[in-house]
Each structure stands twice: as structure tokens, then as C-alpha cells.
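Work through the following exercises with the sequence and the model side by side, and try each task before reading its solution.

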Amino acid sequence: MELRVLNYFLAIAREENITKAAQNLHVTQPTLSRQIAQLEEELGVTLFHRSNHHIILTEDGMLLKRRAQEILSLAEKTRMDLNKNEHTLTGTISIGSGEFQSTAFLSALIGSFHQNYPNVNISIYSGNALNICDYIERGLLDIGLMMEPIDISKYEFVSTPQKETWGALVRADSALAKKDFVTPEDLKNQPLVISSGDSVKNMLSKWFQTDAEKLNIIADGNLLYNMAMLVSAGIGTAICIQLNCSYFGCKFIPLSPVVEANTVLGWKKDQIFSRATATFIDHAKKCSKSIFNND
């Protein structure tokens, strides 16, 4: 598979029309049709359902679309990493991050790094630990800010100085909103909205001292804003970490017993990085060491 042909394929998938795709790509329609036919023959599958008016992806075509986007993204990232200036540090560093209080630490790192290397671009991807670990493994991200517990055996990392506090996000007009903290007894019969991931269920099981299957979990999500909207609508109580923001009609109440979590800025072990990424990692190590030595 050639990258050029994958670009052709994605253009057709986007337009659902070969004529429009050919116009956008500045190639002739017969040339484009021939390239896609050769791609289908090479892969041994049918990529499109064709009709007189438009074409749509088959199931195999949808799979190739996802793979093609990843391949082209990785190819572009590789090109930018290799396109370096010997005298001026350039390139793009791809960083994944969840929504944390410790994102302030990451932002400060990026800010101080940018002062020294203004020609380096930072690309931020938002997601949870599962997404970020997966993208690091596939080479689509260089570094990730992730909350423990995670399997860090594959990663080198620096710890961040900020602990994340778990609590309940409740409607401001609820009885729970009058409390200074909430206990397992307070939430025992409440419909719950939780953050995605088995690690969160395991944490809740320990805090409630019961199996997760016995909890009334009605929804999960990876973005707190969406979870807050469910709370605001009266659908349930969200179990989440505290952020430096507020949501209309909602109030955050810490858990008791207290539950806190650490975050780490991690990258894959034994990985060969671009000069820009390697320099950023060195910067992160120095800043983290300085912070913890001063505590």
C-alpha cells in the first residue's frame, strides 16, 4: 500500500463520490478509479458499495479507513521528527493528557520549554489512561500524563507534585450538597455515573467495601463535562476527581474516607525519540527533580 493511494482512498471515503474526490485531488476520475481498484485487488476485499449517485464504505472499508488515518498520521509525525534543523530545535511533540489538577504542572513544563525552544510545536491529545497508553504503544503519542493506578512497567516516568482528590459531583439542590464530605453509606443507594476504566471500578469497590457489580452504576464516561451534564439533569451522582472548574447546578463533595491518586508523565522505555521529544523529556526530569528536592 502506498501512502498516496491511502490518501486517495480517504478522499473518496470522505466525499462518497469519485468525481468530487478526483477534483479535490487534482487527478482524473479514471486514474482514481484505477488506483482504488488496484488497492482492492491488492487487499483482496471490496472497499466500497457503489451506486449511480454515491459510494459508501463496506465493513472492510471502514476498517481500512481507521488504519489509513493512523498510518498517515504516523507517517506525517515521522516526517516532522526527521525534518530537523541542526542549529535550531524544531519538530512536534505529541502529548496525551487526561483532565487533572496536575495538568497545571504539564502546562508549566510546556511553557518553560517553549521559552527556550519556541520553534517546537506541541500537539495535545485528550483522553483517559487506556487511550493514551494505546496511542503511545502505536507510536501516535510520545508522552502521556496519566493517573495511577496504571501498569507503568513499560514506561519511564516522572511523578507530578499534585495529588488528585476523588469525590462526588452532585446536584446543588440535593441533600448531599449540604455535606462537607460523603461516605459509602451516603451513596449506597444512589445511581452512579463513574469515570471509565476497570481501575475506577476497583477503587470504588475498595471504598464501598463491596463488589462493583452490587453498585448502582448507570453510566460511565471519560470526560467530566459530559458526566456533569448527567448530574445536572438529575440522572445520577458522578464519582470523579476534583478539577479547577465548576459546572452549573452541580457541587463537588470530597469522599470520606479520603481517596487520592498520583499522576505521572510517562513515555515508553527504550524508545528512540526525536531530538525535540528527547529534549522535552530531559526538561521534564530536571523540573520534576527540582520541585521534589525543594519540598
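**Exercise 1: Aromatic rings**

Phe113, Tyr117 and Phe280 form one aromatic cluster in this predicted model. Task: classify the ring pairs Phe9–Phe48 and Tyr125–Tyr135, and state which parts of the chain each pair ties together.

Solution. A search of the whole structure finds six aromatic pairs. Begin with Phe9 and Phe48, whose centres are 5.5 Å apart and whose planes make an angle of 50°, a pair that is tilted. Because Phe9 belongs to helix α1 (residues 3-15) and Phe48 to strand β1 (residues 48-50), this pair ties together parts that are 39 residues apart in sequence. Both Phe9 and Phe48 are buried.

Turn next to Tyr125 and Tyr135, where the ring centres are 4.8 Å apart and the planes stand at 20°, so the pair is stacked. Since Tyr125 lies in strand β4 (residues 120-126) and Tyr135 in helix α6 (residues 129-137), the parts tied together here are ten residues apart in sequence. As for accessibility, Tyr125 has a relative value of 25% and therefore counts as partly exposed, and Tyr135, at 24%, also counts as partly exposed.

**Exercise 2: Helix α1**

**Exercise 3: Nonpolar cores**

Task: which residues have the most contacts inside the largest nonpolar core, and with which residues is Trp166 in contact once its neighbours within four places in sequence are left aside?

Solution. The largest nonpolar core has 54 residues, and those with the most contacts inside it are Trp166, Leu169, Leu187, Leu265 and Phe280. With its neighbours within four places in sequence left aside, Trp166 is in contact with Met147, Ser195, Val200, Met203, Ile239, Cys240, Ile241, Phe252, Pro254, Leu255, Val259 and Ala261. Apart from this core lies another, of 21 residues, among them Ala11, Ala13, Ala21 and Ala68.

**Exercise 4: Met146 and the whole chain**

Task: describe the surroundings of Met146, and then summarise the chain by its secondary structure and its contacts.

Solution. Met146 is found in strand β5 (residues 143-147), and because its relative accessibility is 1%, Met146 counts as buried. Leaving aside neighbours within four places in sequence, Met146 is in contact with Phe100, Ala129, Ile132, Cys133, Ile136, Asn262, Thr263, Val264 and Gly266. The C-alpha atoms of Met146 and Leu64, 82 residues apart along the chain, are separated by 29 Å.

For the chain, the secondary structure comes to ten helices and 13 strands, and 40% of the 295 residues count as buried. Among contacts between residues at least 6 apart in sequence, 72% join residues at least 24 apart.

Note on methods. Residues are numbered from 1 along each chain as its sequence is written. This is a predicted model: local features need pLDDT of at least 70, side-chain atom pairs count only at pLDDT 80 or more; totals for chains, interfaces and linings use all residues. Side-chain values use heavy atoms; hydrogens and water are left out. A nonpolar core is a set of buried Ala, Val, Leu, Ile, Met, Phe, Trp, Tyr and Cys residues joined through side-chain atoms within 4.5 Å. Buried means under 20% relative accessible area, exposed over 50%, partly exposed in between (1.4 Å probe, protein chains only). Contact means heavy atoms within 4.5 Å. Rings of Phe, Tyr and Trp (its six-membered ring) pair if their centres lie within 6.5 Å; planes under 30 degrees apart count as stacked, over 60 as edge-to-face and the rest as tilted. Helices (H or I, at least four residues) and strands (E, at least two) are DSSP runs, numbered from the N terminus.
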